[in-house]
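Me: I'm new to this structure and would like a close look at a single part of it. Here it is.

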Amino acid sequence: MPGRLSAIATAVVLVAMAVPAHAATIEITMENLEMSPKDASAKVGDTVEWINKDVFAHTATAGNGDFDVNLPAKKSGTFVLKKAGTVDYYCRYHPNMKATLKIEP
Amino acid sequence: MFVRWSAAIAAAILLSSPALLQGARAADKPTDPQIAHIAYTAGVIDINAAKQAQKKAKNKDVKAFAEDMLRDHEAVNKQALALVKKLNVTPEDNDTSKALSKQASDKLAELGKLDGAAFDKAYVANEVAYHKAVNGALETQLIPSANNAELKSLLQTGLKIFQAHQQHAEHVAAELK
């Protein structure tokens, strides 16, 4: 019995180690036609979640074409970062809404 | 254009003052039910202009801009309707709303005679002027006069989005040149 327990414990630890520890979710709020934070940092593999608190529809659209996430009023949307680099993005409907994502490898 | 619109709004507000004198409040201040009506009317005007542009515009940026106007102004007006319902306020027609509607229907008729690039240019130029005029009215008249905090807050949201529209329209206008 003790042997089986420790085997299970070892298995649990191994499974836990297999999940990359650094994959995080970065939250960016859109409120009153502004993105906050305007400058965010993340790593490849992280998820960016844009939370639209406005009654207007927005988008998070990368200038380089990497992503184009639709954000209906009062809804949120996500994108998993695949490439490193600095990406400027904006809202297609309100081109004055701009922000930057720094993505590290 | 800006001067003409502002003058029209100012004249309309002056004309409406005898009616307001009957109230206990300052003569030049519209009441909340009137403000709600003016704001809603201003939204409807831009929605109608956008619908006309969707049919007539040729340039893809102008078409996209018209779609943006339709989406945002419908969203604001939906909020406005929900708020007046919640507050149990009946929007009250007034001379400012009437003057705005009259100007707008004249403009629709004027733009209706244009086609192609001429329409695109005239529509966007009017959008710049119209948003400027409405923003001026919101800042100097409607927001300061609003009594109810929720109405004031909605007008402030409206101002924020209308300012964004004005900048967007100015950008599209510059691209058309």
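Which residues does A39(B) touch, not counting residues up to four places away in sequence?

Reply: Before the details, keep in mind that this is a predicted model. Leaving out residues up to four places away in sequence, A39(B) touches A80(B), L142(B), L155(B) and G158(B).

Let's start with where A39(B) sits. The largest nonpolar core has 55 residues, and A39(B) is among those with the most contacts inside it, along with V62(B) and L142(B). As for who supplies the core, α5(B) gives the largest share, ten residues. As a general point, nonpolar side chains tend to be buried together in soluble globular proteins.

Helix α2 of chain B covers residues 32-56, and helix α5 of chain B covers residues 116-145; their axes come within 11 Å and cross at roughly 170°. Angles over 145 degrees count as roughly antiparallel, so α2(B) is roughly antiparallel to α5(B). On the α2(B) side, the contact is made by I35(B), I38(B), A39(B), A42(B), D46(B), A53(B) and K56(B). Facing them from α5(B) are F119(B), Y123(B), Y130(B), V134(B), L142(B) and S145(B). Sort the residues of this contact by type and you get ten nonpolar, one polar and two charged.

What about the other chain? Eleven residues of chain B are in contact with ten residues of chain A. On the chain B side, α3 (60-87) and α6 (149-176) each supply at least two residues, and α6(B) gives the most, with six. That side of chain B divides into three nonpolar, four polar and four charged residues.

Chain A is built along other lines. Buried residues make up 23% of its 105 residues.

Five of those strands form an open sheet in the order β3-β9-β8-β5-β6, with mixed pairing. β3 (39-43) and β6 of chain A stand at the edges, each with a single partner strand, so one side of each has no neighbour in the sheet. On average, neighbouring strands here are turned by 20° against each other, direction ignored.

Strand β5 (residues 58-62) and strand β6 (residues 68-71) of chain A run antiparallel and are joined by four bridges. H58(A) has L71(A) as its bridge partner, and T61(A) has D68(A). Five residues lie between the strands of this hairpin, where G65(A) takes a positive phi near 85°.

Elsewhere in chain A, strand β1 (residues 25-31) runs parallel to strand β4 (residues 47-52), with six bridges between them, and T25(A) stands opposite T47(A). β1(A) also runs antiparallel to strand β2 (residues 34-36), joined by three bridges. Those two form a hairpin with two residues between them, and N32(A) in the turn has a positive phi of about 50°.

Notes
Residues numbered from 1 in each chain as written. Chains lettered and ligands numbered in written order. Predicted model: local features only at pLDDT ≥ 70, side-chain atom pairs only at ≥ 80, totals over all residues. Pairing = 2+ DSSP bridges. Contact = placed C-beta atoms within 7 Å. Nonpolar A, V, L, I, M, F, W, Y, C, P; charged D, E, K, R; others polar. Axes fitted to C-alpha atoms, helices over the stretch in contact; angles between N-to-C directions. Parallel < 35°, antiparallel > 145°, perpendicular 65-115°, else oblique. Core = buried A, V, L, I, M, F, W, Y, C linked by C-beta atoms within 7 Å. Buried ≥ 20, exposed ≤ 12 C-beta atoms within 10 Å, placed from the backbone.
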